[in-house]
Amino acid sequence: MTSPSSLHLAVCDYPEHVPRDRWEAYARQQKELGLSFVRIAEFAWSRMEPREGQFEWSWLDDAVNVLHEAGLGVVLCTPTATPPAWLIRQHPEILPYDEFGRVRAFGSRRHYDFASPVYRAHSRRITRALAERYGQHPGLVGWQTDNEFGCHGTARSFGGASAAAFPAWLEKKYGTLDALNEAWGNVFWSMEYTAWEQIGPPNLTVTEANPSHVLDYARFCSDMIVEFQEQQVAILRELSPGRFVTHNFMIFESGFDHYRVSACLDFPTWDNYPTGMLEHFGKWVGEDLKTYYARTGHPDAIAFNHDLYRGLMRRPFWVMEQQCGQVNWAPYNPLPADGAVSLWTTQAWAHGADCVSYFRWRAATMAQEVLHSGLLRHDETPDRGFFEVERLKREDLVLGDVPAKVALLHDYESLWVLDQQPHGGPAYWEQTSSYYTALRSLGIDVEIVHPDAHLSRFALVVAPSLTMISDARLEKLRGDAAGRAFVFGPRTAFRTASGRAHENGQFGNFKTFFGARVLNFESLRPGLTIKAGGHEVTTWAEGYEPLEGAEVLAHYEGGPLEGAAAAVRHGQVVTIGANSTGLVWETLYRLAGELGLNPTPLPPGIRVSRRGGRTLVQNWNPERVTFEGRELGPVSWTLV
Amino acid sequence: MTSPSSLHLAVCDYPEHVPRDRWEAYARQQKELGLSFVRIAEFAWSRMEPREGQFEWSWLDDAVNVLHEAGLGVVLCTPTATPPAWLIRQHPEILPYDEFGRVRAFGSRRHYDFASPVYRAHSRRITRALAERYGQHPGLVGWQTDNEFGCHGTARSFGGASAAAFPAWLEKKYGTLDALNEAWGNVFWSMEYTAWEQIGPPNLTVTEANPSHVLDYARFCSDMIVEFQEQQVAILRELSPGRFVTHNFMIFESGFDHYRVSACLDFPTWDNYPTGMLEHFGKWVGEDLKTYYARTGHPDAIAFNHDLYRGLMRRPFWVMEQQCGQVNWAPYNPLPADGAVSLWTTQAWAHGADCVSYFRWRAATMAQEVLHSGLLRHDETPDRGFFEVERLKREDLVLGDVPAKVALLHDYESLWVLDQQPHGGPAYWEQTSSYYTALRSLGIDVEIVHPDAHLSRFALVVAPSLTMISDARLEKLRGDAAGRAFVFGPRTAFRTASGRAHENGQFGNFKTFFGARVLNFESLRPGLTIKAGGHEVTTWAEGYEPLEGAEVLAHYEGGPLEGAAAAVRHGQVVTIGANSTGLVWETLYRLAGELGLNPTPLPPGIRVSRRGGRTLVQNWNPERVTFEGRELGPVSWTLV
Amino acid sequence: MTSPSSLHLAVCDYPEHVPRDRWEAYARQQKELGLSFVRIAEFAWSRMEPREGQFEWSWLDDAVNVLHEAGLGVVLCTPTATPPAWLIRQHPEILPYDEFGRVRAFGSRRHYDFASPVYRAHSRRITRALAERYGQHPGLVGWQTDNEFGCHGTARSFGGASAAAFPAWLEKKYGTLDALNEAWGNVFWSMEYTAWEQIGPPNLTVTEANPSHVLDYARFCSDMIVEFQEQQVAILRELSPGRFVTHNFMIFESGFDHYRVSACLDFPTWDNYPTGMLEHFGKWVGEDLKTYYARTGHPDAIAFNHDLYRGLMRRPFWVMEQQCGQVNWAPYNPLPADGAVSLWTTQAWAHGADCVSYFRWRAATMAQEVLHSGLLRHDETPDRGFFEVERLKREDLVLGDVPAKVALLHDYESLWVLDQQPHGGPAYWEQTSSYYTALRSLGIDVEIVHPDAHLSRFALVVAPSLTMISDARLEKLRGDAAGRAFVFGPRTAFRTASGRAHENGQFGNFKTFFGARVLNFESLRPGLTIKAGGHEVTTWAEGYEPLEGAEVLAHYEGGPLEGAAAAVRHGQVVTIGANSTGLVWETLYRLAGELGLNPTPLPPGIRVSRRGGRTLVQNWNPERVTFEGRELGPVSWTLV
């Protein structure tokens, strides 16, 4: 891929969905709209290989050539998200199982088990065939593997091939059953195993399964995705040198470790459907906010994912699918506000995207997404989003660095541990994004990185939900803490690598780092609240006893934790045990000020994001707002 | 059946549930109460044939004779809703599958798959045996097939016999797999089939199945019911000439095409449980209205079904089961208001019923309905409903035509398409009944008919939810439109026969008929509203661009559809794209006035219905109301 | 067990969960804390018998000896709640089935079917091995069988071994299929059986199963638990003479007949988790009360269970597991209020407990309960509950009789009948506990007993939900009624022994006893209310016609029951048909006063309980309250 100097635009297209006589005209229109790339062939296995071993390339030859001749770069996809009917009927053992023990049937997409050796062989076979044909085509700029790993709850299969492969994965990890039984604490309910083959997936148990069992199953399933993709990528590297390889990840997807799955890629991409996903968010976006942002999506939820994927490999990313009209798969599917497509595009740029690719060219006239929009309507006339793209001056959106001085540490293992045993407390994404939103509302740029990443360029590191901290990780963080401030959230350093509690209580061997030991923790039902430092605490409270040299930033008021520390500071390390929007905001505001990060409280719905020396000021409100002397129209942006 | 000059009354009775020594006394009481007919033997297979081939007719001989001798006409039922244990254990392949892939077990009723060849053979066998025995009995007036097709979600079985029969049905319909793949748009996610046997029911897919697949499965299952019943009816016609054959349908049942299933009958009947079904209604009857009408049911929901079944075959119908006390199967089971049984009976008459048959004679003292009421209590004393029936002067309720000048078009395929992909919009029944309620609140009589029915006697045709309009159907409607006005609702003419969108956008080739093209559509979450012509729009909005010669009746205000047409009029064809109670009411009020239909806004809970030159004025309110100078007691009626 | 003169304290401990080097120190600490007993080995099968037939006793020898040498009495458990992996993999037919037909898998606990002959053999085998080894150990004071029968919905298995055993149980009960078909009313929907083998569990039926079928399945499953436990108890009696045998029952557990299951025990115990169970209660504890009592639990819900288990065998009981900090398995898990552990302990004493055993010694650092508290924290420091136990002066809590003059009749068969066909009315526990709460709020001590128990020492007998009254039971009650007053609730004497209605209506042959016949009953949706005697009636109303000699205590006002009797009195027998908190309270207040029971309306959250001549005054409010001149701190008690 060339190194562009301003934002590229692209589109997802499905030539096989429309008559052949449309292709040249579409390509011409795409080029005229200012697009650089077109992603094709995403789900087209049944057209590439209508019967086993019988390949049909002529249509795809045409499609690639038409785009290339129009001056558009082509992104091809391995079509493995949709194994065709002939393959499934011949090998039903490819099918995944849901958590209720049912086979998930053919008839939509993603109907395969990542661990299936049969499917992996076919995945390699079709990847090789495709890469041999197009790997060195002059129009080809890159590859997308499969599509949206984990979508529709497919990251984990609870039977079949995955169940068969799990024991060997465990044996490789633990070596002996004694080690596994000890790591999982299987003595607890006589759950000790005496043969590897006794161990199944942790579903359909009478009551909840052992959380250590659940945690290792999550790791195992994530590893199966890593292996599945690596096999495709090895073939693409071999047969298609010089082209990028990426995958299109999803918003807040939790089913696998994105750091490990992306390791073999050139850069990550993600699929950004702001209004559609708003309805899928948990309770941390309340009904009122869902209505308020119904036509734009929530600015911080989108920004969080931009910053997550920019931080994933510490390099620029793409938005591979960008909503440009109504979607069809949410409980409610309103039209985006006037200006929303433009705002989403520039926000993506400001958070580090090098390319934004709209989904999709023409609205599908068939099947599951027949009510979904595209840049063109069903009748091929330009839809509302088309005109917003046409009006965009992408040359103003020059590429460059995002100057984030604040890192937010994010870790999928901590996510799995917290969400499988929430104990009534906030979910991982809820707790984590509450810190992110506080930072954004202070006008601060953030990069979301793995806890083991190099942190040298950050002045402040926020770790809202880092419940998994090994000795090695702590040693590293201790080193990092020499040069920068840290803020930790509730349930930090609570669990060991296998999901047990530390034998010596919370913070384990790390009490001197945090400057505290935990006294008690509790979750609070709606309506039951206490206070900390004058701020309301909901859902979760964790009380600390400060150690010598530590300062108590806030005490609890009310409830059994009365008088215990709700937040402590030990040198540059702050730990907040209370789930309290107010306390988090105040703590970050003061600390950021102290660190010279110039925190600036923003009005609701106003956000600022910086890239390459420019600042994008965004108004996400459906009303006009005056901010710092500038008048901002409803759902609009300005570049400063 | 003789042609009665006033309303007949009847009752459902189960002699096999009570000791033999009660039968004569019950028959005498039934006659004295003024009943004409008694329906018996509905679920009595295990008594007719306790073991395979071993028939026991003597008890049923007695039952039929006792009724006949008391001067009561007998309606017999084929008992196929309840295959006995011996049959199921011998042929478990008769059992249906639920959508989660589980076999639905013996132990209640309706435990059979309509497509089962084994069960069809037994269905024919018991029907023949019964018809041979009683087909020409002088006391026999008619037959009811089975009971309540589709009840308990049994219209569709997702496995077993239905799964086995589906591919052949598809092959017969499409001829080639290419045709099927094209019709369904299977290319969309590589869902293309290469062998008929690859195609299964559309359940347990990873995410939603192809809606065209779902639609054809609905059609297939409906056809299985048609075939199942036709086989019984052929035998009854052969062995029981001169007797009517009917089936007792249900309220708002959606699982099959009632027009096709009723085609082989003499007239339809339906089972009217006003309070019980009120709790089962969707959100379009809100909690407040459910409480307000808890003791009567909602007048328009009942009337809708009367008008639906009168229009089904364009002839008078029966209410085969009429609630006459509390039911036992709803979430809450209040006693009907004083007067409700009388009101329900006269309302049925006014909407075209020739007979109302109460369910049931004596309250069951056993099994699933042990808490259900009857005309007699458990202890055989007359219950509250009995006395209301006794006081009815049925001779005032003379039979005759319902002078409806307004037709409402109803179509099960449109229902299936809308409800399987609601996209956040209103459900079919909700959208359809909002137009019906508007008409009823204007005092207008309505007939509900199939969109392909002759419409010559109507002045106004309302098609609230006709999303399926083929070229042929449109040609017919275009002809109809010459002589009358039309009102269409949102999502009209949106989908092709196989459930795809038109390649040239909404209204397809019919834009000149409607005088508009569709710009955009959207669904609105609760709390997100816009306006159209000053009226509030909720849930769904569809914006039009008027074509030349069309008049815009209302524009959208607010939201991305601002300024687009919410309702257009093209000659006598009005199309309303907004889900707006106010706009629908206003549009119908004006148009009905223009057409000389004399719309008369009624107070809440007051309804008028006309038959045979008389007008039934009904007060459904629990309070006294003065209307047009008449004082109407709570829950009462008067004949004008 | 010795007969102690004051309350004993104890703890549940799991030596196998901690390193061997902790055991002596823990025992010493336990003794110093004033504990008398330690319960161990509850789930330790995989440590007792790591492989089939290979027993490992040395660790348990040590554990028992260490406790004994420290002066602590040992309670051992049969470990059958947790069959180990090797047994399940060898005999998967042991596993139970859920109501959806799925096998419930290994991986937590209670994964067995009580009816399994294979599992029963292994249950006897491990019980015998354990009893042979420790049955006569001088430190052993008693045995607990298994753990919490029925927990996680395990009382009933819907397949496998239970399905196989059900027909024989039925044949033994009914003798002939004709008798069974008649008892169940199987003629209703042709559900008549012609072979015992045709009869399966009542799940997965198309619509609800026959309630008589469901009722007998409940009885059968309860009997399987009886048999399962009796086999263990016979072995313990044989090999461990002089030690008590008990089982730890649960709060409001409904899955089996506790009277029958406890018959072979010496005394019952139960597991008291006040805050955890509060979240699990149904709607009869509203959201506001759940928040108000979030840190203590609801006083009457706890007291009800104390009185239930004291009445179960008419003797003192133990609390075998007493919450002493936060639990981890409720939707929300707040910390108990300061003082709550002390209050719970003394309340248990006042209601007849001879021993309170805390759960658990040290918080588990592993597995499913890793976030649960104990007397010690994870880090082995004493937690908040520890200090409350330390401060308790248990010598003040002298044992003695609870002087209850009021009996509340409770019957599991009535519970099953009401809850399987609620008809929209209140659930059994809701209806029953509303009477209990009324009595408690009047300061009255209550004993909960079986309806067939001797009632001679009671002045007032309250039977809130006795829907099952056989002729024999009525004869006995009629005798009891000679010397005391009775109050019955709605739906009394409604059903026959097999779950049918009486052929002669409600009250069957007992109308002269109650002085009334039932006219009608109804359930009321939320928002639909009527009145009775000026009090609001919700959810359920039952109207009576008084017989000669009966007095109407309250009439209905509003609704179809207008003017009917809502409560009647016939001599000393009062029957209340309305679900009305106010009417129940008023009726009980007046009657208790008339009977000289000195009812004393208490302020909210204040409760009094009497034992052995002393009165425990309890303040369950989170605020200070002045009551009868005494100032009571928040969540506190005083002994008078």
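Me: A polar contact is a pair of N or O atoms within 3.5 Å; within protein, one must be able to donate a hydrogen and the other to accept it, and residues adjacent in sequence count only if both atoms are side-chain atoms. How many residue pairs does that rule find across the interface of chain B and chain A?

Reply: It finds 27 residue pairs in polar contact, both residues at pLDDT 80 or more. This is a predicted model, in which local features need pLDDT of at least 70 and side-chain atom pairs count only at pLDDT 80 or more, while totals for chains, interfaces and linings use all residues. Residues are numbered from 1 along each chain as its sequence is written, chains are lettered from A and ligands numbered from 1 in the order in which they are written, and side-chain values use heavy atoms, with hydrogens and water left out.

Me: Which element gives the most to the side of chain B that touches chain A?

Reply: Strand β14 (residues 516-523) of chain B does, with seven residues. Strands (E, at least two residues) and helices (H or I, at least four) are DSSP runs, numbered from the N terminus. By class, that side of chain B has 22 nonpolar, 19 polar and eight charged residues. Nonpolar here is Ala, Val, Leu, Ile, Met, Phe, Trp, Tyr, Cys and Pro; charged is Asp, Glu, Lys and Arg; the others, Gly among them, are polar.

Me: Why is the pair Glu503(B) and Arg362(A) called a salt bridge?

Reply: The term asks for a side-chain nitrogen of Lys or Arg within 4 Å of a carboxyl oxygen of Asp or Glu. The closest N and O atoms of Glu503(B) and Arg362(A) are 3.1 Å apart, so the pair qualifies. The count between chain B and chain A is six salt bridges.

Me: How many residues does the contact take from chain B and from chain A, and what area is buried there?

Reply: With contact meaning heavy atoms within 4.5 Å, chain B gives 49 residues and chain A gives 58. The buried area is about 4800 Å², of which carbon and sulfur atoms give 55%. Buried area is the accessible area (1.4 Å probe) that two parts lose on being put together, summed over both. Trp189(B), Val206(B) and Arg525(B) supply 18% of what chain B buries against chain A, more than any other three residues.

Me: What makes up the contact of chain C with chain A?

Reply: It takes 58 residues from chain C and 49 from chain A. The two chains bury about 4800 Å² between them, 55% of it on carbon and sulfur atoms. Tyr332(C), Gln368(C) and Leu371(C) supply 14% of the area on the chain C side, more than any other three residues. There are six salt bridges between these chains; in one of them the side chains of Asp379(C) and Arg517(A) meet at 3.0 Å, N to O. The polar contacts between chain C and chain A number 28 residue pairs. By class, the chain C side has 23 nonpolar, 16 polar and 19 charged residues.

Me: How do you know that Gly425(A) is buried?

Reply: Buried means under 20% relative accessible area, exposed over 50%, and partly exposed in between (1.4 Å probe, protein chains only). Gly425(A) has 7%, so it counts as buried. Gly425(A) lies in the loop between α15 (412-420) and α16 (428-441) of chain A. Not counting residues up to four places away in sequence, Gly425(A) touches Arg491(A), Ser523(A), Thr539(A) and Trp540(A).

Me: Why is strand β8 (residues 317-323) of chain C called mostly covered?

Reply: Seven of its seven residues are buried.

Me: What makes β8(C) a partner of strand β7 (residues 269-272) and of strand β9 (residues 353-359) of chain C?

Reply: Two strands pair if DSSP finds at least two bridges between them. β7(C) and β8(C) have four, in the parallel sense, and β8(C) and β9(C), also parallel, have five, so both cases meet the rule. Val319(C) of β8(C) stands opposite Trp270(C), and the bridge partner of Val319(C) in β9(C) is Val356(C).
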